[in-house]
Amino acid sequence: MKIPKSITINGVRIRIQWVKNLRSSTGQVLQGQHSGIDDEMSLAITDHEDRAAMVFLHEIIHAIDGDLNLKMKEKDVRQLAACLHGVIVTNNLDFRSKK
Ligand SMILES: [Zn+2]
């Protein structure tokens, strides 16, 4: 999965930034972060393409959850991201029309 430099979610453009040693404000090691307030999504730099894609989907789901005020549980976001990633990869989904 190719991760873009920015993504628009429900009309809000969010910049993607890759971060070495991504940590929360309390020092916890993170794979990804999107506060829902700013217009940036941070992803931890990794050599694992599948992991990066899954974290990217995870943060997208968090962004949608925040925008729609769904109040999803972290566990549900994690499972949904993993399942969605599996569907995309297993079915080799690419919604762009081929030219
Ligand atoms: Zn999360």
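Strand E4 (40-44) and helix H1 each supply at least two residues of the lining of the largest cavity in this predicted model. H1 gives the most to that lining, with three residues. The residues around the cavity are Trp-18, Gln-31, Leu-43, Ala-44, Thr-46, Arg-51, Ala-52 and Val-55. Sorted by class, five of them are nonpolar, two are polar and one is charged. The space inside the largest cavity comes to about 40 Å³, and a search of the whole structure finds one cavity of 30 Å³ or more.

Strand E4 also holds Ser-42. With a relative accessible area of 9%, Ser-42 falls under the 20% limit and is therefore buried. Its side chain makes a polar contact of 2.9 Å with the side chain of Gln-17.

The largest pocket has a volume of about 550 Å³. Its lining is made up of 21 residues, and those nearest the centre of the pocket are Met-1, Lys-2, Ile-88, Leu-93 and Asp-94. H1 and H2 are the elements that give two or more residues to this lining. The largest share, seven residues, comes from H1. By class, the lining of the largest pocket has 14 nonpolar, two polar and five charged residues.

The second largest pocket contains about 380 Å³ of space. Here 16 residues form the lining, of which Gly-32, His-58, Glu-59, His-62 and Glu-74 lie nearest the centre. Three elements, strand E3 (32-34), H1 and H2, each supply at least two residues of the lining of this pocket. H1 again provides the largest share of the lining, in this case six residues. The lining of the second largest pocket divides into six nonpolar, six polar and four charged residues.

Because His-58 lies in helix H1 (residues 49-68) and Glu-74 in helix H2 (residues 74-90), the pair ties together parts that are 16 residues apart in sequence.

The geometry of the site can be read from its angles. Ideal angles at a metal are 109.5 degrees for four tetrahedral donors.

His-58 has 11% relative accessibility and so counts as buried. Glu-74, at 37% relative accessibility, counts as partly exposed.

How values were computed. Residues are numbered from 1 along each chain as its sequence is written. This is a predicted model: local features need pLDDT of at least 70, side-chain atom pairs count only at pLDDT 80 or more; totals for chains, interfaces and linings use all residues. Side-chain values use heavy atoms; hydrogens and water are left out. Helices (H or I, at least four residues) and strands (E, at least two) are DSSP runs, numbered from the N terminus. Buried means under 20% relative accessible area, exposed over 50%, partly exposed in between (1.4 Å probe, protein chains only). On a 1 Å grid over the protein atoms alone, a cavity is a set of points where a 1.4 Å probe fits but cannot get out, and a pocket is an open set with protein on both sides within 12 Å along at least five of seven lines; lining residues have an atom within 4 Å of a point. Grid points are joined across faces, edges and corners, and a volume is the space filled by probe spheres set on the points. Ala, Val, Leu, Ile, Met, Phe, Trp, Tyr, Cys and Pro count as nonpolar, Asp, Glu, Lys and Arg as charged, and the others, Gly among them, as polar. A polar contact is a pair of N or O atoms within 3.5 Å; within protein, one must be able to donate a hydrogen and the other to accept it, and residues adjacent in sequence count only if both atoms are side-chain atoms.
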